Amino acid sequence: MAAAAATAASKGNGGGGGRAGAGEASSSRKKKGPGPLATAYLVIYNVVMTAGWLVIAVGLVRAYLAKGSYHSLYYSIEKPLKFFQTGALLEILHCAIGIVPSSVVLTSFQVMSRVFLIWAVTHSVKEVQSEDSVLLFVIAWTVTEITRYSFYTFSLLNHLPYLIKWARYTLFIVLYPMGVSGELLTIYAALPFVRQAGLYSISLPNKYNFSFDYYAFLILIMISYIPIFPQLYFHMIHQRRKILSHTEEHKKFE
């Protein structure tokens, strides 16, 4: 899930590192882009996803203004959040059929980790939905995805404003740690409820002679952040320097 938080920068996240979910071409090497039909589809997909995350952002702001508090804002955007985050599963298909030049395995991991957090943790453990940590990762994801999908849209149209490019390769500096913190705190908050209810756990004996401890599985996921987070974060810092410095050099010669 740490990888999923990385959509903000070199992801293509987002996030920010490896996921090029819907149409980002590498700046370091020239690749043949998708055909006209695929490009039209990807533009539509990215516009819809940008609009969807904007709906989530507006929903958060409206709920905050109405309530006068940031507590429990998740309920005001729960449905669109689930819909548009689950809609990112199409990005795996984009990679699989070749209209986006990204790793199917990496994209699958990054997309599924977010979908897992939404459905297998936040949705399944109702008690955590009012936690402030949920709002933390929701805000980080929202800003990241609005930036990322806008970036893809303008890139596909060959008209990328520098501000959007700068935002994609800069905002992750704050958003990535913010999102990861929210994810970890949410999983941690879910642990006692998962253990008490035996959620998704399978005990022996059973006819399949198989056991699964969902509580231990969530702990392992949390531990996995330790090696993944620093590696991705510093990789994105490196990508930012390379891409933005290249842009600045290009401007000097114009």
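Ser 113 is buried, with a relative accessible area of 8%; buried here means under 20% relative accessible area, exposed over 50%, and partly exposed in between, using a 1.4 Å probe and protein chains only. This serine is found in helix H4, residues 104-123, where helices (H or I, at least four residues) and strands (E, at least two) are DSSP runs numbered from the N terminus. The side chain of Ser 113 reaches the backbone oxygen of Gln 110 at 2.8 Å. That is a polar contact, a pair of N or O atoms within 3.5 Å; within protein, one atom must be able to donate a hydrogen and the other to accept it, and residues adjacent in sequence count only if both atoms are side-chain atoms.

A word on the model before going on. It is predicted, and local features need pLDDT of at least 70, side-chain atom pairs count only at pLDDT 80 or more, and totals for chains, interfaces and linings use all residues. Residues are numbered from 1 along each chain as its sequence is written, and side-chain values use heavy atoms, with hydrogens and water left out.

Now let us turn to the charged pairs. The structure holds four salt bridges, each being a side-chain nitrogen of Lys or Arg within 4 Å of a carboxyl oxygen of Asp or Glu. In one of them, Lys 82 pairs with Glu 78, with the closest N and O atoms 2.7 Å apart. Because these two residues are four apart in helix H2 (residues 74-87), about one helical turn separates Lys 82 from Glu 78. Both Lys 82 and Glu 78 are buried.

Glu 91 lies in helix H3 (residues 90-96) and Arg 148 in helix H5 (residues 132-156), so the pair ties together parts that are 57 residues apart in sequence. Glu 91 counts as buried because its relative accessibility is 0%, and Arg 148 is likewise buried, with a relative accessible area of 0%.

Salt bridges that share partners join Glu 91, Arg 114, Glu 145 and Arg 148 into one network.

H5 has 25 residues and spans 36 Å from its first C-alpha to its last, close to the 36 Å expected at 1.5 Å a residue; the expected span is 1.5 Å times one less than the number of residues. The helix is mostly covered, with 19 of its 25 residues buried.

What about the nonpolar packing? A nonpolar core is a set of buried Ala, Val, Leu, Ile, Met, Phe, Trp, Tyr and Cys residues joined through side-chain atoms within 4.5 Å. The largest such core has 52 residues, and Trp 53, Leu 81 and Leu 218 touch the most other members. The elements giving two or more residues to this core are helix H1 (36-67), H2, H4, H5, helix H7 (172-197) and helix H8 (214-252). H8 gives the most, with 11 residues. Leaving aside residues up to four places away in sequence, Trp 53 touches Leu 81, Phe 84, Gln 85, Trp 141, Thr 142, Glu 145, Ile 146 and Tyr 149, contact meaning heavy atoms within 4.5 Å. Apart from this core lies another, of seven residues, among them Ala 38, Leu 42, Val 43 and Leu 156.

The loops hold some backbone details. Most residues other than glycine have a negative phi, and most peptide bonds are trans. Asn 158, in the loop between H5 and helix H6 (162-168), has a positive phi of about 55° although it is not a glycine, and Asn 158 is exposed, with a relative accessible area of 72%. Asn 209 also has a positive phi, near 55°, and sits in the loop between H7 and H8; at 65% relative accessibility, Asn 209 counts as exposed. Pro 205 has its place in the loop between H7 and H8, and a cis peptide bond with omega of about 0° joins Leu 204 to Pro 205.
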